[in-house]
Structures are given as structure tokens and as C-alpha cells.
Amino acid sequence: MATPRRRRSSRIGDATRERILEAALEVFSERGFDGATTRDIAARAATNLGLITYYFDSKEKLWRAAVDRVFGALAEVLAGALPAEPDADALARVVRELVRFAAHTLAFVRIMNDEGRRAGPRMRWLTDRHQKPLYEAVVAMLPQAAARGVLPDVPPIHLFYVLIGAVGMIFSQAPECERLTGTDPTSSDEAIEAHADAVVALLLGGFTGRAATCRRKARPAR
């Protein structure tokens, strides 16, 4: 049985490891893999450089652990959002959750954009380990959604990348957006929800509104 001292030490170690992973995600997103250093990450995490080697062995393994961590968070979000029946309201909920995740996890969006444009081992690892399962889960819903008339019947490759671009680009380009339009899309929950509304309207059109109207009409009169 672990002693209180050992349990306390384990909790401190877990907290340190999580702090390093959070700092790593931020630094990798800001400077890219090649531009980031473990010294930068240790400084951001306010921890000893040697602890990065202790917990992760190398910068490459630290990068992979940071990516695993953020995709784990995304999986938790989607686990409660992906519908068994892809009707308009269910798909709207998925879109809104994705928009919120992108807005609050800018480092994730920037790393995906950075690594996705390079044909290298990190892109291949990231795609095979994380992107393919997500793509396959989305693609599995599309025929039913198209058959219901909820989504256009277009090749999944295009719809997937339209969705990815619509969800996250405005947040990854937030400084440009603010300079161009005077609006910081990450400035408030209201700004984030306004973008979610726009993406839902563009992808699903009036379907969610019609579904709500049908439900209201179906309610018995009091």
C-alpha cells in the first residue's frame, strides 16, 4: 500500500508532467517542432530541464505525448457529441462543440495546420494515429445525413476539409482577423458562439430551424 508521502509525491509528479505537456503544446504551436527547444518548454512550464528528459526522454516523444493529450481531450468532447442518428440538430451540436474546442485550444489548431502541410514522419504519425479515426467517424455519418437531406451529397473529402477549415481557421488567424475586421473572434464566449452559429448556418442551412419548428408543431395544445 502506498504511503501518504508516496501518494503526495505521485500527485506532484503527475501535476509536473501535465504542466510540461501543456507548455509543450503551446511552444510547439508557436515555434513549430524545429523552432521549439526543450529549454523553452521547461522555462514555460517553470520546471527543471532535466525533468523533460526524465518524463519524456526526447523532444520527439514529448511532442507525441502533447499531441496525444490534446487529441484525448478532443475525443472526450466528441464522445458526448457524435450522434447515433445524424439529424440536423445532432450535427449542429457536433459543429458547435468543434468550434468551441478550436476556440479554446488554439495550440491544437496551429499544430495541425503546421504539421499537416509537411510530408514528414510527424505528419504521418499524427494522421495515422489520430486523424484517420476522426475522418472515418465523420465519413460514416455522411451517407445517412445526405439521405436525410441534412447535408449535401458531396464527396466526403471535400466536406471534411470544408468543416475543418470553417471550424478553426478564424481562431488560428485571430490576429489577422482582428486587424482586418476589428473583431477578435476569441475575445468572448459571445464571439465564439456567433462563429458557431455561422458555421451551422453555412453547413446545415435552415435544417435545424425547420426541425425545431416541426417539434413545436408536434406538441399537443394545452
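Predicted model: local features only at pLDDT ≥ 70, side-chain atom pairs only at ≥ 80, totals over all residues.
Biologist: Which residues of α9 make the contact with α8?

Modeller: By class, the contact of α8 with α9 has 5 nonpolar residues, 1 polar residue and no charged residues. From α8, the contributors are I170, F171 and S172. From α9, they are A174, P175 and C177.

Biologist: Is H195 buried or exposed?

Modeller: H195 belongs to helix α10 (residues 189-204). Leaving out residues up to four places away in sequence, H195 touches V99, A166, V167, I170 and F171. Its relative accessibility is 14% and the cut-off for burial is under 20%, so H195 counts as buried.

Biologist: What is the pattern of the protein chain, read along the sequence?

Modeller: The protein chain has 11 helices and 0 strands. Of its 222 residues, 38% are buried. Among contacts with a separation of 6 or more, 67% join residues 24 or more positions apart. Read along the sequence, the pattern is α-α-α-α-α-α-α-α-α-α-α.

Biologist: Which residues does F28 touch, not counting residues up to four places away in sequence?

Modeller: F28 is one of the residues that touch the most other members of the largest nonpolar core. With residues up to four places away in sequence set aside, F28 touches F33, A36, I41, K59, L62, W63 and I111.

Biologist: How far apart are the end C-alpha atoms of helix α4?

Modeller: Helix α4 covers residues 59-79, which is 21 residues. At 1.5 Å a residue the helix should span 30 Å, and the model agrees, because the end C-alpha atoms are separated by 30 Å.

Biologist: Which residues of α4 are buried?

Modeller: An α-helix has 3.6 residues a turn, so residues three or four places apart point the same way. A73 is found in α4, but with a relative accessible area of 31% A73 is partly exposed. The buried residues of α4 are L62, W63, A65, A66, V67, V70, F71, L74 and L78.

Biologist: What distance separates the C-alpha atoms of A73 and T105?

Modeller: A73 lies in helix α4. A73 and T105 are 32 residues apart along the chain, and their C-alpha atoms are separated by 9.8 Å.

Biologist: Is R39 buried or exposed?

Modeller: R39 is placed in helix α2 (residues 38-45). The C-alpha atoms of R39 and I52, 13 residues apart along the chain, are separated by 9.1 Å. At 59% relative accessibility, R39 counts as exposed.

Biologist: What is the phi of A46?

Modeller: Most residues other than glycine have a negative phi. A46 lies in the loop between α2 and α3 (49-56), and with a relative accessible area of 65% A46 is exposed. Although A46 is not a glycine, its phi is positive, at about 55°.

Biologist: Where is D57 found?

Modeller: D57 is a residue other than glycine with a positive phi near 75°. The location of D57 is the loop between α3 and α4.

Definitions and conventions: Residues numbered from 1 in each chain as written. Heavy atoms only, no water. Helix = DSSP H or I, 4+ residues; strand = E, 2+ residues; numbered from the N terminus. Expected span 1.5 Å × (residues − 1). Buried < 20%, exposed > 50% of the residue type's maximum accessible area, 1.4 Å probe, protein only. Core = buried A, V, L, I, M, F, W, Y, C linked by side-chain atoms within 4.5 Å. Contact = heavy atoms within 4.5 Å. Nonpolar A, V, L, I, M, F, W, Y, C, P; charged D, E, K, R; others polar.
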